[in-house]
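Let's take a friendly walk through one protein chain, with its sequence and structure side by side. Keep the picture open as you read, and find each residue as it comes up.

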Amino acid sequence: MYFVYIIKSEVNGVLYKGQTHDLFKRLQMHNNKEVAYTKKYAPWKLIYFETFETRALAMQREKFFKSGAGRKFIKQNILPAFEKK
């Protein structure tokens with residue numbers, strides 16, 4: 001099983017989108033500053049994830065989230081639900 005996830009920096013609100021086969025371990029890596037891009041924005045909070053049977057499908061969804069349409073989808077659908085919590 002593969003995951004596509006969105007995390008949000010607790011420092012400045014930056015969003016990061018990625019895919020992995022071990023969601024818990026990957027989130028730990030982000031928060032332990034083991035990922036080059038995300039280390040300067042730690043700590044991170046998981047705000048959304050989806051599961052997929054294959055890595056190819058997960059990568060396709062990750063690519064969507066990183067596109068203009070995907071960023072718009074996140075802004076309109078995911079962030080409002082997260083911010084209500």
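Start with helix α3, whose buried residues are Gly70, Ile74, Ile78, Leu79 and Phe82. Here "buried" means under 20% relative accessible area, "exposed" means over 50%, and "partly exposed" covers what lies in between, using a 1.4 Å probe and protein chains only. Before going further, note that this is a predicted model, in which local features need pLDDT of at least 70 and side-chain atom pairs count only at pLDDT 80 or more, while totals for chains, interfaces and linings use all residues. Residues are numbered from 1 along each chain as its sequence is written, and side-chain values use heavy atoms, with hydrogens and water left out.

**The helix α3 and its surroundings**

Helices (H or I, at least four residues) and strands (E, at least two) are DSSP runs, numbered from the N terminus. What do the buried residues of α3 pack against? Their partners are β1 (2-9), β2 (15-20), β3 (44-52) and α2 (55-65). Contact, here and below, means heavy atoms within 4.5 Å.

You can check the length of α3 yourself. Along the way, α3 bends by about 35° at Ile74. This bend is the angle between axes fitted to the seven residues ending there and the seven starting there.

**How α2 meets α3**

Two packed helices are described by the angle between their axes and the distance between the axes. The axes of α2 and α3 cross at roughly 80° and come within 5 Å. That makes α2 roughly perpendicular to α3. Axes are lines fitted to C-alpha atoms, for helices over the stretch in contact, and angles run from 0 to 180 degrees between N-to-C directions. Angles under 35 degrees count as roughly parallel, over 145 as roughly antiparallel, 65 to 115 as roughly perpendicular, and the rest as oblique.

Which residues make this contact? From α2 come Arg61, Phe64 and Phe65, and they meet Ala69, Gly70, Arg71, Phe73, Ile74 and Ile78 of α3. Sorted by class, the contact has 6 nonpolar, 1 polar and 2 charged residues. Ala, Val, Leu, Ile, Met, Phe, Trp, Tyr, Cys and Pro count as nonpolar, Asp, Glu, Lys and Arg as charged, and the others, Gly among them, as polar.

**Some residues to look up**

Arg71, a residue of α3, is partly exposed at 45% relative accessible area. Not counting residues up to four places away in sequence, Arg71 touches Lys17, Phe65 and Lys66. Ala69 also belongs to α3, and at 49% it counts as partly exposed. Over in α2, Leu57 is partly exposed too, with 40%.

| Pair | Apart in sequence | Apart in space |
|---|---|---|
| Arg71 and Asn32 | 39 residues | 26 Å |
| Lys8 and Ala42 | 34 residues | 9.1 Å |
| Ala69 and Val11 | 58 residues | 25 Å |

Lys8 from the table lies in strand β1. Among the residues that Lys8 touches, leaving out those up to four places away in sequence, are Pro43, Trp44 and Phe82.

**Two backbone details**

Most residues other than glycine have a negative phi, and most peptide bonds are trans. The loop between α1 (23-31) and β3 holds Pro43, and the peptide bond from Ala42 to Pro43 is cis, with omega near 5°. Lys33 lies in the loop between α1 and β3 as well. Its phi is near 60°, a positive value in a residue other than glycine.
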